[in-house]
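Subject: Handover of a structure

Dear colleague,

Please find the structure below, followed by an account of what was found in it. I would be grateful if you would read the two side by side.

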Amino acid sequence: MDILTMRNKWVKQFKIPDVVGEWLFWIAFAILLTTHFSQGTMFIMDYPSESFPYHLFMVAGAVAVIKILIFNEFKDWKELVLYITVGLLILVGCQLANDWNVFYYYLIILASQKIKFEKVLRFFMIVLILGLLVTIVSAKFGAIMELTNSRTGDPRIRYALGMVYPTDLAARAFYLQLFYVVYRKFKLSLPELIAGASFTFLIFSFTDTRVDVVLMTLTLIFTLIYKKLVCLLEFVGNRYISIIAVLGILGMIILTYVYRSSSLIFKMLNKLLSGRLEFGHQAFVRYNVTLFGQFVPQNGNGGIHHGFFDYFYIDCSFLRILMMNGFVTFIIIMIALIYLSKKFMDTKYYSLELALILIVASSLIDQHLIEISFNILFLATFTNLEYFQRN
């Protein structure tokens with residue numbers, strides 16, 4: 001008798017209902033989501049200790065593991081061994097990088113098996129909206145610090161509204177708007193389009209952030225030409241979509257690696273990307289790529305960092321994973337993205353495929369790909385996606 005048979009017999013004997021497993025997922029997800037969200041706000045300055053959020057992560061992880069071991073279904077013991085092996089590989093990278101986002105995200109992905117993804121979207125949006133409202137009100141009334149800054153040579157003030165940096169506020173707005181549009185299957189009414197456009201303009205006015213505002217605008221445009229985009233996706237096909245995505249990701253990494261400050265073209269590209277090529281290249285010079293990851297000390301301009309004089313930060317999600325979590329974890333993430341794209345295209349979940357394309361585009365610039373309070377699309381790996389079936 002193998003371990004899975006014993007597990008199933010034990011669950012049947014004690015008559016544990018499936019709803020218990022579902023509640024375990026929601027508890028783990030809620031703890032991880034709210035804790036990670038708070039880490040991107042100035043509430044982080046009021047934590048009882050520096051290790052406080054990591055203790056909450058451990059609680060969420062433990063609850064997720066209980067859900068996985070008792071309630072998840074596995075084809076056979078080999079599948080279980082595969083998931084454990086992948087988890088251990090990710091764990092090694094997280095431990096060496098001293099960054100645990102990928103590991104706990106992975107546990108939540110496994111724990112989300114059979115949960116309806118539309119419920120996950122609703123829960124995510126509710127938590128984010130409430131979190132943003134509490135944070136903004138707290139910042140305005142002085143309960144937490146409100147950060148402002150401006151670009152060099154630009155007098156316009158950029159507001160973080162309680163977030164650790166204005167670009168973080170813009171990124172949250174992009175992901176919130178994107179997942180609302182995904183929930184509506186890229187079909188918005190005229191009032192929703194007007195509200196979306198107003199929200200985009202408001203975010204630009206406060207943050208003066210170009211990348212996320214462009215992506216928010218593209219999201220709204222995609223709703224207007226959705227049928228044409230579906231035809232284009234079907235024409236191009238999953239294979240070429242994946243090839244284009246992989247080439248884009250590798251192209252950004254190679255471009256960063258070969259960056260030369262003496263080249264006029266590189267200078268222009270670096271300025272367009274707000275210095276990302278320069279600092280990404282510094283990462284290669286200082287640390288280079290390892291198999292399983294490494295600790296890369298960084299100092300940004302946000303509220304938990306120490307100012308402009310010692311700035312060094314890796315923004316590109318893919319380069320960040322490669323440098324910090326290592327080549328093995330990078331390959332795992334790439335396989336996951338290719339798998340999701342194939343799954344969405346094969347099952348005709350085109351709204352999810354469009355979301356994936358926008359998220360990959362965002363992640364070429366920003367660092368939020370594997371941060372669960374920004375991007376929850378990886379949960380579509382094992383959740384129930386019937387809601388998105390094309391009519």
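The residues that line the largest cavity divide into eight nonpolar, two polar and two charged. Here Ala, Val, Leu, Ile, Met, Phe, Trp, Tyr, Cys and Pro count as nonpolar, Asp, Glu, Lys and Arg as charged, and the others, Gly among them, as polar. Before going further, please note that this is a predicted model, in which local features need pLDDT of at least 70, side-chain atom pairs count only at pLDDT 80 or more, and totals for chains, interfaces and linings use all residues. Residues are numbered from 1 along each chain as its sequence is written, and side-chain values use heavy atoms, with hydrogens and water left out.

**Cavities**

The structure holds two cavities of 30 Å³ or more. A cavity is a set of points, on a 1 Å grid over the protein atoms alone, where a 1.4 Å probe fits but cannot get out; lining residues have an atom within 4 Å of a point. Grid points are joined across faces, edges and corners, and a volume is the space filled by probe spheres set on the points.

The largest cavity has a volume of about 90 Å³. Its lining includes Met252, Thr256, Arg276, Tyr313, Asp315 and Leu364. Helix H10 (226–257) and helix H12 (276–286) each supply at least two residues of this lining, and H12 gives the most, with four residues. Helices (H or I, at least four residues) are DSSP runs, numbered from the N terminus.

The second largest cavity has a volume of about 40 Å³. Among the residues that line this second cavity are Leu32, His36, Phe57, Trp100 and Ile372. Helix H2 (18–39) and helix H5 (101–111) each supply at least two lining residues, and the largest share, three residues, comes from H5. By class, this lining has seven nonpolar, two polar and no charged residues.

**A buried serine**

Ser373 is in the segment after helix H14 (350–363). With a relative accessible area of 0%, Ser373 is buried (buried means under 20% relative accessible area, exposed over 50%, partly exposed in between, with a 1.4 Å probe and protein chains only). Not counting residues up to four places away in sequence, Ser373 touches Leu33, His36, Phe37, Phe124, Leu128 and Arg172; contact means heavy atoms within 4.5 Å.

The axes of helix H1 (residues 3–13) and helix H3 (residues 52–71) come within 9 Å and cross at roughly 95°. Axes are lines fitted to C-alpha atoms, for helices over the stretch in contact, and angles run from 0 to 180 degrees between N-to-C directions. H1 and H3 are therefore roughly perpendicular to each other (angles of 65 to 115 degrees count as roughly perpendicular, under 35 as roughly parallel, over 145 as roughly antiparallel and the rest as oblique). Arg7, Trp10 and Val11 of H1 make the contact with Ile68, Leu69, Ile70 and Phe71 of H3. This contact has six nonpolar, no polar and one charged residues.

Helix H3 also holds Val59, which counts as partly exposed at 41% relative accessibility. Val59 and Ile31 are 28 residues apart in sequence and 8.0 Å apart in space, C-alpha to C-alpha.

**Two loop residues**

Asn98, in the loop between helix H4 (77–97) and H5, has a positive phi of about 60° although it is not a glycine. Lys185, which is not a glycine either, has a positive phi of about 55°. Lys185 is found in the loop between helix H7 (166–183) and helix H8 (190–207), and counts as partly exposed at 25% relative accessibility.

Yours sincerely

Key. 1 Å grid on protein atoms, 1.4 Å probe; cavity = no way out; pocket = protein on both sides within 12 Å on 5 of 7 lines; lining within 4 Å.
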